Amino acid sequence: MTRQVPTRIANILINSLKGGVVPRAGLEYITVGRTQEINAILHDIEMIQEGGASFRFIVGKYGSGKSFLLQTIRNYAAARGFAVVDGDLSPERRFAGTKGQGLATYKELIQNLSTKAKPDGGALPLILEKWISGIQASVKAEQNVEGEEFEALVERQIYAVAGSLEGMVNGFEFARAVVLYWKAYREDNAALKSNVLRWFRGEYPSRKEARGDLGINFIVNDETWYDFLKLFAVFLVGAGYRGLLVLIDELVNLYKIPNSITRANNYEKILTMYNDVLQGKARYIGFLMGGTPQCVEDKYKGLFSYEALRSRLAEGHFATEDRKDMTAPIIRLQMLTQEEMYILVEKLKDIHGQLYGYTPSLTHEDLVYFLTVEYNRVGAQTHITPREIIRDFIELANILYQNPGQSPAEVLGGNSFQLARGGLENQEEVSGEFKEFEL
């Protein structure tokens with residue numbers, strides 16, 4: 001029996017999965033498999049916490065669980081005290097472009113800035129307020145002073161943090177904005193706070209406007225947005241967080257760029273980030289990027305078409321599908337096994353019952369029949385994905401719940417059910433493996 005799931009979370013899980021979307025909450029209730037992959041990324045997170053950096057590509061077919069794994073890591077990192085930014089690439093959001101696509105990616109990431117206390121994004125104001133409150137509490141604990149003397153000591157600490165950023169690329173301007181936010185906080189100046197937040201989010205269209213509102217003759221743009229992510233990572237650690245995790249999905253949208261020069265410019269930006277991580281030029285930051293095998297390995301349009309990336313990312317001679325190197329920059333996702341899919345649909349059966357307040361009638365044999373039908377479809381060996389199986393199973397559970405007089409055999413169809421029964425009779429070994437997983 002699956003552990004009790006809060007009704008709100010159960011509703012998110014069932015509705016998201018039925019729609020083919022990865023839920024942003026409750027993944028811990030349905031995670032199966034991926035032990036090696038998760039452990040490798042969790043080791044990266046420990047290194048980031050110690051002041052290092054990491055860069056990984058999560059590569060798998062559509063529906064194989066890339067987005068699911070990214071969201072699982074997102075939730076874990078936020079729970080561990082990290083700040084997390086995430087976003088999907090699209091024709092409007094890339095790493096580089098002539099129409100502000102790089103800046104658009106930065107805006108999306110900062111808009112989705114999340115922490116444990118604010119898991120759904122929009123955490124920037126909370127982070128800045130927490131940072132100031134933390135400095136005030138620290139000063140109060142160390143010095144028994146009040147009034148102007150207290151404010152002066154807090155300000156000195158604020159400037160010390162800001163000063164630590166000034167040695168980084170674009171750090172002087174970032175530091176000035178940090179100090180301006182402190183000034184707005186101290187004076188309870190809502191307009192100035194709003195303008196500083198706009199500046200951090202990359203929303204100023206011109207330097208002239210930023211100079212007029214803030215006295216800062218600089219804005220985030222297509223060329224500088226990555227430097228600002230590195231600045232945020234260091235600042236976040238000073239604000240009491242463990243580091244910054246950057247999750248970017250849908251790399252396939254770079255592969256789809258028709259212009260070869262524009263594609264190369266985007267791949268060059270990835271190379272810059274990758275080199276920074278390996279050479280120790282980035283601290284307290286980790287990158288996880290999700291894409292399909294084709295968008296990575298295609299030698300004409302994929303990442304491997306950019307020789308400098310191919311030479312760094314290509315596997316060596318000794319790793320195989322069964323013997324992986326989990327420290328390599330590319331983590332390749334294999335489809336979940338039939339045994340893992342059985343565990344997953346059993347969890348979903350129980351969550352569905354909890355959500356709608358009934359005792360599921362689906363038996364162990366019913367679940368095995370269902371999976372056998374799914375795996376016996378024409379082309380299933382190479383094309384079926386966990387996403388499709390999950391969607392079909394939730395549909396089956398919905399129909400059985402709404403039509404209590406019907407049996408799984410009637411819903412699946414007589415021929416399908418007989419096919420499943422025949423499939424099981426001819427696959428005693430598989431059936432035996434399934435039976436090992438009764439929960």
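1. Two strands are taken to pair if DSSP finds at least two bridges between them, and the elements named here are DSSP runs numbered from the N terminus, helices being H or I of at least four residues and strands E of at least two. On these terms Leu-247 stands opposite Leu-288 in E4. Strand E3 (residues 244–249) and strand E4 (residues 285–291) pair in the parallel sense, over five bridges.

2. This is a predicted model, in which local features need pLDDT of at least 70 and side-chain atom pairs count only at pLDDT 80 or more, while totals for chains, interfaces and linings use all residues. Residues are numbered from 1 along each chain as its sequence is written, and side-chain values use heavy atoms, with hydrogens and water left out.

3. The five strands form an open sheet in the order E2-E3-E4-E1-E5, with parallel pairing. Strand E2 (83–88) and strand E5 (330–332) stand at the edges with a single partner strand each, so one side of each is left without a neighbour in the sheet. From one strand to the next the twist averages 15 degrees.

4. Helix H4 (residues 101–111) lies across E2 and E3, and runs at about 135 degrees to E2. Helix H10 (residues 225–238) packs on the sheet, where it touches E2, E3 and E4, and its direction makes about 145 degrees with that of E3.

5. For helix H6 (residues 147–165) and helix H7 (residues 171–187), the axes come within 8 Å and cross at roughly 160 degrees. The two are therefore roughly antiparallel to each other, on a scale where angles under 35 degrees count as roughly parallel, over 145 as roughly antiparallel, 65 to 115 as roughly perpendicular and the rest as oblique. H6 passes H7 in a right-handed crossing, a crossing being left-handed if the near helix is turned anticlockwise from the far one by less than a right angle, and right-handed if clockwise. Among the residues that make the contact are Val-154, Ile-158 and Tyr-159 of H6 and Phe-174, Val-179 and Trp-182 of H7. By class, the contact of H6 with H7 has nine nonpolar, one polar and three charged residues (Ala, Val, Leu, Ile, Met, Phe, Trp, Tyr, Cys and Pro count as nonpolar, Asp, Glu, Lys and Arg as charged, and the others, Gly among them, as polar).

6. The axes of helix H8 (residues 190–200) and helix H9 (residues 207–214) come within 10 Å, crossing at roughly 150 degrees. H8 and H9 are therefore roughly antiparallel, and their crossing is left-handed. In the contact, residues of H8 including Leu-192 and Trp-199 meet residues of H9 including Ala-210 and Leu-214. The residues of the contact of H8 with H9 divide into five nonpolar, one polar and three charged.

7. Helix H15 (residues 338–356) and helix H16 (residues 364–375) have axes that come within 10 Å and cross at roughly 125 degrees. That makes H15 oblique to H16. H15 passes H16 in a right-handed crossing.

Methods
Axes fitted to C-alpha atoms, helices over the stretch in contact; angles between N-to-C directions. Contact = heavy atoms within 4.5 Å.
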